[in-house]
Structures are given as structure tokens and as C-alpha cells.
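Biologist: I would like to learn how to read charge pairs and helix packing in a model. Please take me through it.

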Amino acid sequence: MNLFFDESGDFKAGVSMSQQGEAFQVEMPSGKRTKVRAKDVLLQFATPSPTEFMADAHAIAEEIDLDFLWEVAGQEEFGFAELGTEYFGHAPKPHEAAGLILRLHAAPIYFYKKGKGRYKAAPEASLKAALAGVEKKRQQALIQAQYVAELKAHRLPEAMRPLVRQLLFKPDKNSIEYKALDAACSELQIAPQRLMLAVGGIASAKELHFSKFLFESFPKGLAFPDITIPVLPDLPLADVQAFSIDDVTTTEIDDAMSVTRLPDGNVCIGIHIAAPGLGIKRDDALDAIARQRLSTVYMPGDKITMLPDELVDAFTLAEGKVCPALSLYVTLDPADWSMIVSETRAERVPIAANLRHNDLDAYVTEENLAADVGDYPYKDDISLLWKWAQVLEQGRMAKRESFGLRPEQNNRVDFNFYVENDVVSIQRRKRGAPLDKIVAELAILTNSSWGKLLHEHGVPGIYRAQGGGSGNGWAAKMQVRMQTHAAPHQGLGVDQYAWSTSPLRRYTDLVNQWQILACVDNGVTAQLVAPFKQRDADLFAIVSAFDAAYSAYAAFQADMERYWCLRWLSQEKGADETIKVEATVLKEEILRLTDIPLVIKLPGMPQVARGSQVRLDLLRWDEVDLTIEARLLDITQDASEMPQVELDEDMSEDLLEGDAEPVPDEQAAAEALQKPLEESLEKPASTAAPE
């Protein structure tokens, strides 16, 4: 006897060899024997053979019209044999019954299974809905197949064009667009980013990196809402002629300076900071814009400003304008550079000039200042400020030593990026040039002085502190942290340091400016009327949000600097297959190129001392994933034969990501971990992008 049976939803036929109780021993056409429970047997038949039987059953199943079968079935539950009599018009033969059950089982949207060989026809409304769903899936499958074909032909389907960033960075994996992209990538053996570049969904590798950042940090786009320029209070006019010193690309001019020689022989130095805090108020519409962005975002050749252009124009310290400013005046005795008195005022300041580094750097050198030679604007004022800046630096270095740190090292090199028409130039610039030092020392003095002012008035602010941190290891203890009360910044050599000199491009500085203005206007009662009171939860929230955003912005800037370094290599490569470069060993397999700030990892490199100079052959690099492959040619100078260079152990990953630079001693490594230019020059580290 032959049996037709159900094995977990799979219908089979075989020869019954024996029966023991409620189980049959069945031999399958393959020769394999299996045990079949009696309750799983649907039909018994003598002829034909199981193989022919199953072939006949499948043939019958293919001939059955499902719509007619559904009409014949009615709405009551039925057994397959009963329905067979109705459908065939006679008691079904075994192969007909088997064909019927195969058809019933293969059409779950038409017939619901109710038990072994028992079914119930789907209600008409449910059937129509299910059929509509099937048709929809069929149409989607056709569309998906069309999308795949277009992608494989390197054409971007129009329907996918507005979804490119979402498909790459946060896809809905159930969408037909993503399924098509995934299928095309699998067939072509290519990453989604590279396929989008190939089909024109993303214009370039630069656009890919920029789009990813915008998608994650600016999901609502870069447009500002319409704004109204605020009306400013009446302010006294300062009797000075101030000037600023910035890079040629700077547009957000936050700081300027003035020098006034007094009749008694003393000198009054003015440090003038743009004062958007006089117009923007806490929780108003302009504050909401600034607080959402928290900082200007910098990248080589471009930037995303924290404030709308028209608001920046209203407060930037532009040449020829009389600008609202918060000024710190310091009266000095030039005989010994002792500080006689200092004062902070809110006022209108005439800006006589915006001096630019590219015009002055060649003339304002230490040698020219020492010899008093050269002809350039504000020569006497710059000479006086240079002398005082050196005194300020010496005082900070003495303070650093009191904290147990060695003096800062000024033999490091910074790099400026300039991008025009997608062509990048990278310029080396030695740190500590006179103009840099003047701006840096005045900024540090101002941030320290205003931090002290807040502390003395009992008004909270946002401070940068370094030293005395918790954790194991020197680097952990020296990690820079943001907090709302005064504490030493040991790396800079000051007792407190509150970011206050860049309110047009950092939200923390704008917040501190509000607090400083409260102190200037209200004196001892400032803590009662300041926008933020002690232990204000919103102030802590600002610190946390700013820290997260600033880290994300810095990581993006580092990625874009790395991208432009690779672009620079492509420009320099020419017709040669490889390019030879000089590099410095930072740590084990980590090196940094000499001509550009590109840090690479060279697996398998021989162990040499840190600071060793080597020559590399750069084989290939990838602007999409920002990787580079190199080959060691030779070691040109072994640092083991020179004074040993120390580098903090925990810096290697930051160096690899381009977030820090090597320094000659472990104390100075703290400055590298916190992006020293942000603390000193008050400009974006390693980038000469428009400000």
C-alpha cells in the first residue's frame, strides 16, 4: 500500500512497509525509510507508484482555478475530500484529491487551514484585501527590479534621488529603494557609498563626508529663519581707535585691541570683544538659533556659522564701523609692565582697521621687532603689545611651574588650509609668531580676568579647567573639562579661564557675556539679576550640549582636514605612480607627514625611537574611506641618537584621528589633548577656513 502524508506542511508519498500501532514504516522513492504517524496519513492508494502519483497530483494542482475553487467552497469549514466531490463532480480519485490539497495548502490567502486536511474559505473582504496586498508586492517587486537594473547600469532612479542621504546614513530597510540599493550593491560587489558616487547620487567624496555630517548634525537643513535685528541700548562712545588682527578669511571678527598712551607716561590697553549679548536675550528667538547650533562649524574652505549673516554683520568688529563691544581696559606702567588698574565696560568702539596675517606676517617678526625695522600699520602699538605679551607669557609660565608643569614648547608647527575651486594649499606656520602671541595672550588675559570677575560677584559661568582631575594616569588628571565654577587651568597657567572672547561663534562665550554684563551693570547685586543663577539646571544642560556638539564638530573638522590632505597628495602626485614624503615617528606604527598634518598608521614598521625621521613611499589613498597605504623606504634620522622625545601614551588614537599633535614632553601633551589653538589663538585648530 502507498501512503500520501503530511510531514510538517510538506506533502510526500511513499510505500508502506509495515505498521506498528499508530505508526507506519514508509520507504520513500529515494530509498530512505521514515516513520509516519497514522494521523498524518491523508490518502492510501495502490497505484500508481509514489513518484508517478506525486507528478499527477502536481499536474492536477496546476490546473485548478483558485477563484472557482473558492466560490465552490462556500463559507463553511470543509474537508478536502468533501470539496473534491463538489469541484470535480464525482468522488475524487487519489491523485485528484492529492492535487486538490496541494492547491489548497499553497493558497493561504484563499483558504485558512483548520486542521489535517481541513480548510475554510477566506471571507470575501479579507480575500480582496489580501489579493490587493499581493498585487502591491508584485508591483513593488517589478519596480525594485527596475531600480536594480538602473543602478547596475550606473543610472540613479529619479524616485531615489531625494532619498540618497537617508539611504546611505539612516535607511529604512523595508523600503523598496533600500532593497534595490542593497541588491545592486550585492550583485556589483560594491559599497553603497561608492555606488552612489558612481551613479551621481553624491557628486564627490567631499560631498559624501559633508552630507553625512549635515544629515547627523543638521537634519533640518542649514537655513536660518527670518530674524529681526535687535535694538541696542544707548552706550557711551569709547575714545579709542581699535584694530583687529585676523586671517584674511575671517568674517566673524570677535576681538580687537587699542593702545592709548596716557599723559603720565602710563599706557592703557583696550581689549574689545563683540557684544551680541547686548542684543540677544536669553530665551528669545535669536537665542534659540544660537543655542540650537552652539558653535560655528569650521572646515577647510568653508564654515557653517552659529548666527545668521545679517546678525553677524550687525555685531562683527568691522573696519570703519562703530560697534557695540564689551571692553577690558588695563592700565600699565611700561617701565616694568606692572598692572595698575583694570576695568570692564559696555560701550561703542570705533574700529579703525582690520589687519590681516597675510599682509603683516612677513614684516612682523621677532627679528624685525627687536631691531625696530619695517614699515607697517600700527607699528608702534604692535611693538608695545609684543613686549607686554612676552611679559604676560612669562607670568603664565611661572604659574605653570607653580602647578608642577614645565614651560610650554613653542617649536611646534601649525598648518593652514586654503581651498579655492577645489584646489587646496596647505601652509606651514610656526607657532608663537609675534602676531599670534599678541592675540593669544590678550585673549587668555581677558578670559582669565572675566572669569575672576564672575567668581568675585558670585555669578556662575562656563569655565575651562585643567589639572586635578580624577582617574588613573597623568593624562586623565590633566584632561580639560567644562564646569560652572572657577578652577585653575594649569596648562595655560591661570587661576581660572572662562571662554568669553568669541561670542559670535561659540554659545558658551555668549552665555558668559550675559553673565559678565550683569556684573558690569549691577555690581554686588549681579547674582540676583544675572540670566543664570547658581546651580541653574539649564546652565548644566548648556555645558553638556555644547560639549557634545563641539566634539562632533571637531571630529568633522578633523575628517575634512584629512580629506583635504589626501586631495593635496593627489595634486602633488602628477604622473608618477607613487609619491615620496618625509615623516616623523610619533609612536610605534604611527607617523605624521612633515609637509602636511596627515597622520598614518604603518603596520609592520620596524621599531624605532619616537621622533625619528623616515622616508615613505605613498602607494595609494582613498578619499571615500580616508585611508592611505604607504611603504617605508628608509630611516633618515634615528631619534635614539637625539634627545628623547616623550609622548603621552594615551594620545595615539587622537593622533591617528587628527585631533592632536605630538609635543616634546608629557606636560605639554595636555595642550595637544585639548586642541591648543582653541585655548591660545582662539581660532579653529589647523584650519584657515573662513571664520
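Predicted model: local features only at pLDDT ≥ 70, side-chain atom pairs only at ≥ 80, totals over all residues.

Modeller: Residues are numbered from 1 along each chain as its sequence is written, and side-chain values use heavy atoms, with hydrogens and water left out.

Biologist: How many salt bridges does the structure hold?

Modeller: Side chains of opposite charge can pair when their charged atoms come close. A salt bridge here is a side-chain nitrogen of Lys or Arg within 4 Å of a carboxyl oxygen of Asp or Glu. The structure holds 35 of them.

Biologist: Which parts of the chain does the pair Glu393 and Lys437 link?

Modeller: The two side chains form a salt bridge at 2.9 Å, N to O. Glu393 sits in helix α14 (residues 379-402) and Lys437 in helix α15 (residues 434-456). They are 44 residues apart, so the pair links distant parts of the chain. Helices are DSSP runs of H or I with at least four residues, strands are E runs of at least two, and both are numbered from the N terminus.

Biologist: Are Glu393 and Lys437 buried or exposed?

Modeller: Both are buried. Buried means under 20% relative accessible area, exposed over 50%, and partly exposed in between, with a 1.4 Å probe and protein chains only.

Biologist: How far apart in helix α15 are Lys452 and Glu456?

Modeller: They are 4 residues apart, which means about one helical turn. Their salt bridge has its closest N and O atoms 4.0 Å apart. Lys452 is partly exposed at 43% relative accessibility. Glu456 is exposed, at 55%.

Biologist: What about a pair between strands?

Modeller: Take Arg615 and Asp634, which meet in a salt bridge at 2.9 Å, N to O. Arg615 is in strand β23 (residues 613-622), and Asp634 is in strand β24 (residues 627-637), 19 residues apart. Arg615 is partly exposed at 28%. Asp634 is partly exposed, also with a value of 28%. Elsewhere, salt bridges that share partners join Asp6, Arg37, Asp40, Lys113 and Lys116 into one network.

Biologist: At what angle do α14 and α15 cross?

Modeller: Axes are lines fitted to C-alpha atoms, for helices over the stretch in contact, and angles run from 0 to 180 degrees between N-to-C directions. The axes of α14 and α15 come within 9 Å and cross at roughly 60°. That makes α14 oblique to α15. Under 35 degrees is roughly parallel, over 145 roughly antiparallel, 65 to 115 roughly perpendicular, and the rest oblique.

Biologist: Is the crossing of α14 and α15 left-handed or right-handed?

Modeller: Left-handed. The term applies if the near helix is turned anticlockwise from the far one by less than a right angle, and right-handed if clockwise.

Biologist: Which residues meet there?

Modeller: Contact means heavy atoms within 4.5 Å. Residues of α14 including Trp386, Ala389 and Glu393 meet residues of α15 including Lys437, Ile438 and Glu441.

Biologist: How do α5 and α7 pack?

Modeller: Helix α5 (residues 124-152) and helix α7 (residues 176-188) pack at about 45°, with axes 8 Å apart. They are therefore oblique to each other. Their crossing is right-handed.

Biologist: Where is Glu441 found?

Modeller: Glu441 is in helix α15. This residue is buried, with a relative accessible area of 3%. Leaving aside neighbours within four places in sequence, Glu441 is in contact with Ala389, Leu392, Glu393 and Arg396.
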